[in-house]
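Trainee: Could we go through this structure together, one element at a time?
Mentor: Gladly; please keep the sequence and the coordinates open while we talk.

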Amino acid sequence: MNNLRKFNFHSSYIVRNKSVSPKMKFDKMASVIPCDQVKSCVKAADLLSTGHVIAVPTDTVYGLACSANCPESIKKLYSIKGRDSAKPVAICVTYIKDIRKWGEAAHLSDKLLYSLLPGPVTLVLEKTKYLDNPFLNPHTTKIGIRIPNHRFINDVTKMFNKPLALTSANFSNEPSTLCVKEFEHLYGYLGAVFDGGVLSQGLEQNRTGSTVIDLSVEGTYKIIRKGISYEKIVEIVQRHGLICIVK
């Protein structure tokens, strides 16, 4: 309970029903399933394979996830978020080899990638031909890729065996969420909510999410969002000889 006192569950979470199409809402609220429940990962993978959007814990904040290469799922994800399609979402994968399958990473060494991942960082790369969903980040040729340091979502991506589109579990322009009660107003639009408890120690400063870094240009890096691991990530990429192109 001590962690829960570090923030107010309802201090800044105002439901904006107009952000979501009424046609998207289910007749009943999503089930809340503890991540440590037997076969919870199987349930999550099954829901993803049938086109649902689900809520999952990560190593930073709670996220909304769906199948990245399913057009209908991506459209549903944007609708739930009330998100402009010009704002990109990331994908979540399991292994370093997956980074290379879905993003153009030939110029990045395994040593660098293993130094960065898994962890609270999003690597922005050019998409490969395999990431061919026209509704996924249609206004850019790039994609952010994550491998969170969190057992549950790692097990889900391993079982699903396809990239997950991943964005924070909140309406657009609202704060990220650290516990499932903070996004109860989204339950009616989700296939299920997987409860991993209070994330990031319940600390307000950790709502900033992962550090987002563009590594798409050989020999350089660009910080898109500082996030919670900025200093560590910058130290790693500089140690590997990368040069910052924009402060």
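**Helix packing and strand pairing**

Mentor: In this predicted model, the buried residues of α2 pack against β3 (63-67) and β7 (164-168).

Trainee: Which residues of helix α2 (residues 71-81) are buried?
Mentor: Burial here means under 20% relative accessible area. By that cut-off, the buried residues of helix α2 are S73, I74, L77, Y78, S79, I80 and K81.

Trainee: Which residue just after α2 takes a positive phi?
Mentor: The place to look is just after the end of α2, where phi is positive at about 65°. The residue with that value is G82.

Trainee: How are helix α1 and helix α5 oriented to each other?
Mentor: The axes of α1 (residues 40-49) and α5 (residues 151-160) come within 9 Å and cross at roughly 50°, and the crossing is right-handed. The two helices are therefore oblique.

Trainee: How many residues of the contact of α1 with α5 are nonpolar, polar and charged?
Mentor: The contact brings S40, C41, V42, A44, A45, L48 and S49 in α1 against F152, D155, V156, M159 and F160 in α5. These residues divide into nine nonpolar, two polar and one charged.

Technical notes
Residues numbered from 1 in each chain as written. Predicted model: local features only at pLDDT ≥ 70, side-chain atom pairs only at ≥ 80, totals over all residues. Heavy atoms only, no water. Buried < 20%, exposed > 50% of the residue type's maximum accessible area, 1.4 Å probe, protein only. Helix = DSSP H or I, 4+ residues; strand = E, 2+ residues; numbered from the N terminus. Contact = heavy atoms within 4.5 Å. Axes fitted to C-alpha atoms, helices over the stretch in contact; angles between N-to-C directions. Parallel < 35°, antiparallel > 145°, perpendicular 65-115°, else oblique. Left-handed = near helix turned anticlockwise from the far one by under 90°. Nonpolar A, V, L, I, M, F, W, Y, C, P; charged D, E, K, R; others polar.
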